[in-house]
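Good morning, and thank you for coming.

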Amino acid sequence: MELTGVECGIDTFDVDFREMKRRHKHANLLKSGMPCQDYSTSGNGKGASGETGWQYCLQIPYILEYEPDIVCLEQVDGILRPQFREELTEVLTQLATTYV
């Protein structure tokens, strides 16, 4: 699917954000969601060490490279559990360098 020249439903880790930024110059909104099993209360609880949980923290450098005006990160409320505090803090700290 394409929306104003930008693909939707693509794998963030397959995107060359430098090239996207060159082609599209600027994005108003970047929304990111990933599989939640590693953070879900009904999932495996492995967090960043799980099969897909690593994507949560490693998406931030890509977001900071593209510099959209608004970032919407989708994640289950299980990310708020104490065992994931370090991962959530890492994401928020990195985003705080550019976003409030």
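This is a predicted model: local features need pLDDT of at least 70, side-chain atom pairs count only at pLDDT 80 or more; totals for chains, interfaces and linings use all residues.

The structure holds 0 disulfides, a disulfide being a pair of cysteine sulfur atoms within 2.5 Å. Residues are numbered from 1 along each chain as its sequence is written, and side-chain values use heavy atoms, with hydrogens and water left out.

Let me stay with the cysteines for a moment. Cys36 has a relative accessibility of 28% and counts as partly exposed; for Cys72 the value is 34%, and this residue also counts as partly exposed. The terms are these: buried means under 20% relative accessible area, exposed over 50%, and partly exposed in between, with a 1.4 Å probe and protein chains only. Buried residues make up 31% of the 100 residues in the chain.

Now the overall arrangement. The chain contains 4 helices and 4 strands, taken as DSSP runs numbered from the N terminus (helices are H or I with at least four residues, strands are E with at least two). Along the sequence they follow the pattern β-β-α-β-α-α-β-α. Of the contacts with a separation of 6 or more, 67% are between residues 24 or more positions apart; contact means heavy atoms within 4.5 Å.

I turn next to the aromatic rings. How many aromatic pairs are there? The count comes to 2, where rings of Phe, Tyr and Trp (its six-membered ring) pair if their centres lie within 6.5 Å, and planes under 30 degrees apart count as stacked, over 60 as edge-to-face and the rest as tilted. Tyr39 and Phe84 form an edge-to-face pair, with 4.8 Å from centre to centre and 70° between the planes. This pair links distant parts of the chain, 45 residues apart: Tyr39 is in the loop between strand 3 and helix 2, and Phe84 is in the loop between strand 4 (70–74) and helix 4 (85–96). Both Tyr39 and Phe84 are buried. Ring pairs join Tyr39, Tyr56 and Phe84 into a cluster. Ile79 is in contact with each of Tyr39, Tyr56 and Phe84, and also with Leu88, leaving aside neighbours within four places in sequence.

In soluble globular proteins, nonpolar side chains tend to be buried together. The largest nonpolar core here has 18 residues, and those with the most contacts inside it are Tyr56, Ile63, Tyr66, Ile79, Val91 and Leu95. Such a core is a set of buried Ala, Val, Leu, Ile, Met, Phe, Trp, Tyr and Cys residues joined through side-chain atoms within 4.5 Å.

Consider Ile60, which is found in helix 3. Is Ile60 buried or exposed? Ile60 counts as buried because its relative accessibility is 0%. Leaving aside neighbours within four places in sequence, Ile60 is in contact with Leu73, Val91, Gln94 and Leu95. The C-alpha atoms of Ile60 and Val91 are separated by 6.7 Å, although these residues are 31 residues apart along the chain.

Thr52 is buried, because its relative accessible area is 16%. Not counting residues up to four places away in sequence, Thr52 touches Pro35, Gln37 and Asp38.
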